[in-house]
Amino acid sequence: MTARPDTAPTFRALHQGTELLMLPNAWDAGSARLFESLGARAIATTSAGVAWALGYADGNALPVDALVHTVRAIARAIRVPLTVDAEAGYSDDPATAAENVARLLAEGAVGCNLEDGNGPPELLAAKIERVKQAGARLGVDVFVNARTDVYLRKLVPPERRVEETLARAARYQQAGADGLFAAGVTDAAEIQAITRGTPLPVNVLARQDLPAPAELRRLGVRRLSAGSAIPEALWGRAGALASAFLREGHSASLFEAAASYPSLNALMNPK
């Protein structure tokens, strides 16, 4: 076990500063090490990126053992705080979901995302309560980022999205949540209404029509996550390169905009 409870206060403080916490979500130890070297103040995982890298679909299909292995590898490779996208906790049973998250905390995570999806808010609230208790038993002040899918899954009509998001935020805060992830919201007025309607630090998800970071900060957002955008881009690029190579056999295009072997090897073997 490589539990790192000493990084929990640092991670919590990153949500209270004057700067927007930018998280280019990683999917394995190498990507986490790269992002840390580029200045990421914390590392968050993307459940989709982790699942795809291991040959699984996103959506609570990843075996918990596989996620634990990935978290252990990432924690070994970085020094900044680590928060893990635990999807819905990989169980509908709050006690089991908490046990699953506890395994991630034992490997070095100090934060987690937990989502409600199509489930009732009461279920996520119960999971949050159990996860906070599990963290306390391990001596980790775990930062639970409660993700509500009101926007992503279109759970209510558009005119009720802010109201429903804030109602869930209040419920999740009462259960012990430390942050609110309003994934999918992009409208500036709605973002501001959400940040003003909850004391929880608000996290938004990268989207093509999302306001710029400076504007997000003005609107009250504390955290911006890349989500699965970076691995999506890389899978697209890898597919295009492999397709061209298989079709034409040309080598030159494989090296366009590529990182060098020596630089990558040095990054993974710091002195």
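Student: Which residues does threonine 165 touch, not counting residues up to four places away in sequence?

Tutor: In this predicted model, threonine 165 touches Thr148, Val150, Tyr151, Leu180, Ala182 and Ile194. Contact here takes heavy atoms within 4.5 Å. Threonine 165 has its place in helix H7, residues 161-175.

Student: Why does threonine 165 count as buried?

Tutor: Buried means under 20% relative accessible area. Threonine 165 has 0% relative accessibility, so threonine 165 counts as buried.

Student: Thanks! What makes H5 and H6 oblique to each other?

Tutor: Helix H5 (residues 94-106) and helix H6 (residues 121-138) pack at an angle of about 40°, with their axes 8 Å apart. Angles under 35 degrees would count as roughly parallel, and 65 to 115 as roughly perpendicular. H5 and H6 are therefore oblique to each other. Their crossing is right-handed.

Student: Which residues meet there, by class?

Tutor: The contact of H5 with H6 has 13 nonpolar, 1 polar and 2 charged residues. Among them are Val101 and Leu105 in H5, and Lys127, Arg130 and Gly135 in H6.

Student: Now the sheet: why do strands S1 and S2 stand at the edges?

Tutor: The open sheet has 8 strands in the order S1-S8-S7-S6-S5-S4-S3-S2, with parallel pairing. S1 (21-23) and S2 (43-44) each have a single partner strand, so one side of each is left without a neighbour in the sheet.

Student: How many bridges join S1 to strand S8?

Tutor: There are 3 bridges between S1 and S8 (residues 223-225), and two strands pair with at least two. Leucine 23 stands opposite serine 225 in S8.

Definitions and conventions: Residues numbered from 1 in each chain as written. Predicted model: local features only at pLDDT ≥ 70, side-chain atom pairs only at ≥ 80, totals over all residues. Heavy atoms only, no water. Axes fitted to C-alpha atoms, helices over the stretch in contact; angles between N-to-C directions. Helix = DSSP H or I, 4+ residues; strand = E, 2+ residues; numbered from the N terminus. Parallel < 35°, antiparallel > 145°, perpendicular 65-115°, else oblique. Left-handed = near helix turned anticlockwise from the far one by under 90°. Nonpolar A, V, L, I, M, F, W, Y, C, P; charged D, E, K, R; others polar. Buried < 20%, exposed > 50% of the residue type's maximum accessible area, 1.4 Å probe, protein only.
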